[in-house]
Amino acid sequence: MSDIRVELQTDAETWTDITSDVRVDSGIEITRGRTGESGQAPPAACSLTLNNRGGRYSPRNPTSDLYGKIGRNTPIRVVIEADATYDAFSQSSGTGDLSFTHTPAGKPTGVALILWEVNTTSSSLFSVKYGGVTMTRKLFAGFTLGSLNAVGSVYFLSGPVPEGPQSVVVDTASTVLRHAAVHTVTGGSGAELDATVIGQSGGTPGANPGRNLLTTKRSCLFGSLLSDLNDGSTITPRNSFTESGETDVGNETVASSRWPTSLPPTTYTVGWNASSAHYGLIGISVRAANYRFYGEVAEFPGRYELSGNDAWIPIEAAGILRRLGQGDEPSSTGLRAFLEPSAGLFRYWPLSGGVGTQYSLDIAPVWGQQTTGFRLYSEGPGSFRYGEPLEVSETGSAGSDTNYLGTGMALFHTDSAPIRADVANGYLQWAVDFVFQAPSLGSFQMIMPDYSGCLWTLYMFGSTDELQVGFTDPATGPIGFLIVDDVTALNDGLPHHVRFQVEPTGVADSKFTVWIDGAQISTGTQSGYRSSGLSVIRFDYARSSAAESWITLAHVAVFADSASVVWPSAADVTDAARGYAGELAGERIERILGLADISLQNVGALADTMPMGPQYNEAQLKQLRDAEGADMGTLAEPRDALGLLYRTHGSLYNQTPALTLQFDGGHVSTPFEPVDDDQNTRNDVTAVRRGGDSYRIFQETGPLSIAPPPLGVGRYKDEVTVNIESDDLLPPVAGWLLHLGTLDAARYPSITVNLAAPDIAPLIADALAVDVGDRIEINGAAAANIYDDLSLLVQGYSESIGAVEHTITYVCAPADRYEVFELTDVGTRLGSGDTTQLWSNISSTATSMQVRTEDGVTLWTTDPAQMPISIMVAGEEMTVTAISGTTPGAIQTFTVIRSVNGVVKAQDDGLQAVVRLKRRAVLAL
């Protein structure tokens, strides 16, 4: 196919087109998303064949033009070119920051912003954002236009682009004159900046300014002219360009132009008809693209055929999920993942070593990983043991059923040999954080000397539930601050986060503050003392009776900074220490990936996802899968960027079809094989909360009930564990799983379309746009004895791109189960478990029928505002236009339109004549 493009990323800004070396007739094979109706999505994959004659794709071949540019995990993308079309224009000018609204006409896939800064030789921009998303600067140039100096820039944003009216914000550090012009384009799934050109008059004025712009792909063209004419009537675009806008900026004028449709690759002149003047111009071309795959090539095979005649090598690429799943990734607590990249982190000892650990190394990045000079160790023969779990049971006491803080160091006693941590911090403000747990606390001290001989001490006494801060000046002796009593956290046996912080206040004083679990416990001021840093930390522990237990310490961190308190708040650290319990699943995925510097695209609102239990001490990918399972969404990879894509559960409900196929119009290719089996039948479901309780539910009536055949299908059991916030959520989760497992409908595991078929040509753009989680609809399948419109949810797909044919096979699941209702008034609608029976026989042409609900109490609504209602009776679809009868226990009469789906038959009041809603009355999870 001439529109296919395969590219390798050979440096940070460069994509090298290698399409001419791809053996397209052997096919490019792509898979994304799930491979079946359920389960997790494996890494996206792409396979193709490259011509390696001459060793161009041999990474260690020094004669290759790609030498030093390709190797393990070289990014690769597969693109099908599309036509870009001009969408909308907006502009704004002024001094300092600019802020205005751009309103697209359609659904943009690219945004180009041309910015002029006038009367300056340098740019002073902080950022340019469209809809809150930071745009990338693609061009930057200085212009000397007679006595006028200016700076021109081009900023660009590719899909996914926020839809609807969006704010455009130019954030700057100076107040020079500025003008921003925004053009949005539509077409494909994303857009790319294809080429740019700049030109200027220099010191000599010129007329009819223009420059040649060489385009490499089909593109839309845009231009911007800065002139000192200050007369809009003398500037008009030429060469078939259309004026987008023109405005005066101080004593200068900016004219913007566009070519509204896509042009073939060649050289175009971006120009204006203008009087002789000083001018600067910027021209750009924007192309559209349908991204089909974006991933990494882990290996370029070193295969070589001795004759030199066969130099084709197979290339296997994969999405980032492959790399994230490689190796034996170490477990990571939410607290450690939060602390390591935190601002101001000076020292960090997780204390997470195994039982045989003798000392811990500082892993704070300020000194690099595991600096041997800063250890946490025992100064003598004190009794301690590493590998002690910090755990909380669901009953609120220590237990082994949850572990989201990892392990720590159990300190039994220190005698005259405290645990010491070398700090060497000379900053004025600092804080020490740690996590502790003690079944029955004894006497604990944290001693913190500075470099002047003074020291701070934090005392925690379990026998009296008291906390106190002490300060010792060698010149005046020890000072004890107010005792805080009734500190229940000291003796409840649960893990707690503690922070002790010192910062300067006033001219020559220092203030201390103590927080436990994010709440301030104690504060005070030491007059006449200015902190001189923190040299070491010593932990001392003693037990006065056999009833007092050990104390487990973990996550000892020191924050410090020379100018201000820049580190995270005690409340934020506490939230991480508690495993972010209550965090929404989508927001957990976003946070974990943000800390890992992995980009995330999401479909659906992350704020509308399932609240979760704590983040457990396990590998990062398992933590992500845990959140995916809790929300019952889909974690996959996008096809236009290296990163992850999350499709929320809520985004699957009640969708408008992304693609509508006409079966009798030749849109569906073979094989077309409906399956009516029990593969997904689950009518006895137990939902288990991770670390919590369980809830069981089963279907007692209906064709897929646990009743023995022929009244039901027998019992199909299933148990699913989800990490949700509370046991209160188990009934709706179990109910939803039961709903999924008792849908009485045929399955259509795969649907294939051939984009090379003439009949499908008008739908190519829609077919390419379909992504994981989208809904497709198939109509007109009566020839296959299918009388209902098919509504299918795309779980994933496989794509085969060849020299002639291009097929996409969508992996599908019934979308009916995601057609949900909003609960309004109770008592006038049937629930999905209610049964209505045809009361008397009717002919194939009758337009009135009598019905009665099984319980004799529940009634169908008679409200005309609720009509029409689509119902099914023994395979025939009818439309109810009116209902009469309001007496409980009585018969109701339906006025109906018959044979809506083409099924023409008489109906009798036998076993099969059950009247049901076409869409089952199901509440969303």
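Trainee: What covers the buried residues of helix 4?

Mentor: The cover includes strand 40 (600-603), helix 5 (620-631), strand 41 (634-636) and strand 42 (644-647), where contact means heavy atoms within 4.5 Å. This is a predicted model, in which local features need pLDDT of at least 70 and side-chain atom pairs count only at pLDDT 80 or more, while totals for chains, interfaces and linings use all residues. Residues are numbered from 1 along each chain as its sequence is written, and side-chain values use heavy atoms, with hydrogens and water left out.

Trainee: Which residues of helix 4 are called buried?

Mentor: They are Ala585, Gly586, Arg588, Ile589, Arg591, Ile592 and Leu593. Buried means under 20% relative accessible area, exposed over 50%, and partly exposed in between (1.4 Å probe, protein chains only). Just after helix 4 (residues 585-595), Asp597 takes a positive phi of about 60°.

Trainee: Why are strand 6 and strand 11 called edge strands?

Mentor: Two strands pair if DSSP finds at least two bridges between them. Strand 6 (85-95) and strand 11 (136-145) each pair on one side only, in an open antiparallel sheet ordered 6-14-8-12-11. Strand 6 is joined to strand 14 (residues 177-186) by 10 bridges, so the pair meets the criterion. Within it, Tyr86 stands opposite Val185.

Key
Helix = DSSP H or I, 4+ residues; strand = E, 2+ residues; numbered from the N terminus.
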